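Subject: Structure handover

Hello,

Here is the structure I promised to pass on. Please open it next to this email and follow along.

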Amino acid sequence: MRQYILLIMTTLLVFCACRYGEELDRTIFIADEDDHNLPAYSEWGYNAFGAKYERSYFLSSNNITPCKAVYKEGILHFSLHGYLNLPEVNANSRQQQMSLTFSFPSSTKETYQDLQKLGETDIDLSLCTVEIKRDNVAVEIENVSGHLIFKRTQLLRIDGVENRVILSGTFDMSFFNNNIPNKISNGRFDVGINDDFYSFE
């Protein structure tokens, strides 16, 4: 009988741990007090990001993994993936998939735990490569300026086991697209990375 009870308790613990892991992967949107279209800035690993893109909003979603990081040949590629919510032109063009990738020189990153070293880092985007894709089509941009700031990094442990690194920060950038000035402003991110980190060195 005792073995049967232990088996049930072990099964429940594993089930709860799996459910807890699933919850950590969800995107949680808590609206900003000043702009309800954006998530509030947080450092809790909500897997959310958002920014104003001209008069539209670039936002994370539960349908797409919000963040990936790739380290290759001395460069860290930090990507945010979500949707661009467009002004209402017609019912079929309200959302576009969009990704925003910042690529910058970085010390060696072999595991996701190494991303903790990004804490309190201010990246000058004029010295980096920035790529925007909308519906998987690259947007031609030039003369980029702005900042990507990793305000805080945290290593999250669950029951003493390392689970993910939480990256929290802000970003703003200006650029030209076909000689027309564009701006992404009020950017903020609070994302957890573990299996979404790739190193090729």
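Is R152 buried, partly exposed or exposed? R152 counts as partly exposed, at 39% relative accessibility. Buried means under 20% relative accessible area, exposed means over 50%, and partly exposed is in between (1.4 Å probe, protein chains only).

Some ground rules come next. This is a predicted model, so local features need pLDDT of at least 70 and side-chain atom pairs count only at pLDDT 80 or more, while totals for chains, interfaces and linings use all residues. Residues are numbered from 1 along each chain as its sequence is written, and side-chain values use heavy atoms, with hydrogens and water left out.

**Overall layout**

The protein has one helix and 12 strands. Both kinds of element are DSSP runs, numbered from the N terminus: helices are H or I with at least four residues, strands are E with at least two. The order from the N terminus is α-β-β-β-β-β-β-β-β-β-β-β-β.

The protein has 201 residues, and 43% of them count as buried. Its accessible surface is about 11,800 Å². Carbon and sulfur atoms own 49% of that surface. These areas come from the Shrake-Rupley method with a 1.4 Å probe; for residues, only the protein chains shown count as cover.

Now look at contacts, meaning heavy atoms within 4.5 Å. Take the contacts with a separation of 6 or more: 59% of them join residues 24 or more positions apart.

**Strands around β4**

Start at β4 (residues 75-85). Strand β2 (residues 56-59) pairs with β4 in the antiparallel sense, over three bridges. Two strands pair if DSSP finds at least two bridges between them. F58 has L84 in β4 as its bridge partner.

Strand β3 (residues 67-72) is also antiparallel to β4, with six bridges. There, V70 is partnered by H77 of β4. β3 and β4 make a hairpin with two residues between them. E73 sits in the turn and has a positive phi of about 50°.

Then comes strand β5 (residues 95-105), which is antiparallel to β4 and joined to β4 by 11 bridges. Y83 has Q97 in β5 as its bridge partner.

**Salt bridges**

How many salt bridges are there? The count is five. The rule asks for a side-chain nitrogen of Lys or Arg within 4 Å of a carboxyl oxygen of Asp or Glu.

- R164 and D25: the closest N and O atoms are 3.0 Å apart. R164 is in strand β10 (residues 161-177) and D25 in helix α1 (residues 2-25), so the pair ties together parts 139 residues apart in sequence. R164 is buried at 5% relative accessibility, whereas D25 is partly exposed at 46%.
- R188 and D32: the closest N and O atoms are 3.3 Å apart. R188 is in strand β11 (residues 180-193) and D32 in the loop between α1 and β1 (48-53), so this pair ties together parts 156 residues apart in sequence. R188 is buried at 12%, and D32 is buried at 14%.
- E43 and R152: their side chains meet at 3.3 Å, N to O. E43 is in the loop between α1 and β1, R152 is in strand β9 (residues 142-158), and they are 109 residues apart. E43 is partly exposed at 24%.

First, S168. S168 lies in strand β10. S168 is buried, at 0% relative accessible area. Leaving out residues up to four places away in sequence, S168 touches several others, among them E43, R152 and D190.

Next, A138. A138 is in strand β8 (residues 137-139). A138 is partly exposed, at 47%. Apart from neighbours within four places in sequence, A138 contacts I132 and K133. A138 and M98 are 40 residues apart in sequence and 9.6 Å apart in space, C-alpha to C-alpha.

**Cysteines**

How many disulfides does the structure hold? The structure holds zero. A disulfide is a pair of cysteine sulfur atoms within 2.5 Å. C67 is buried at 2%, and C128 is buried at 18%.

Best wishes
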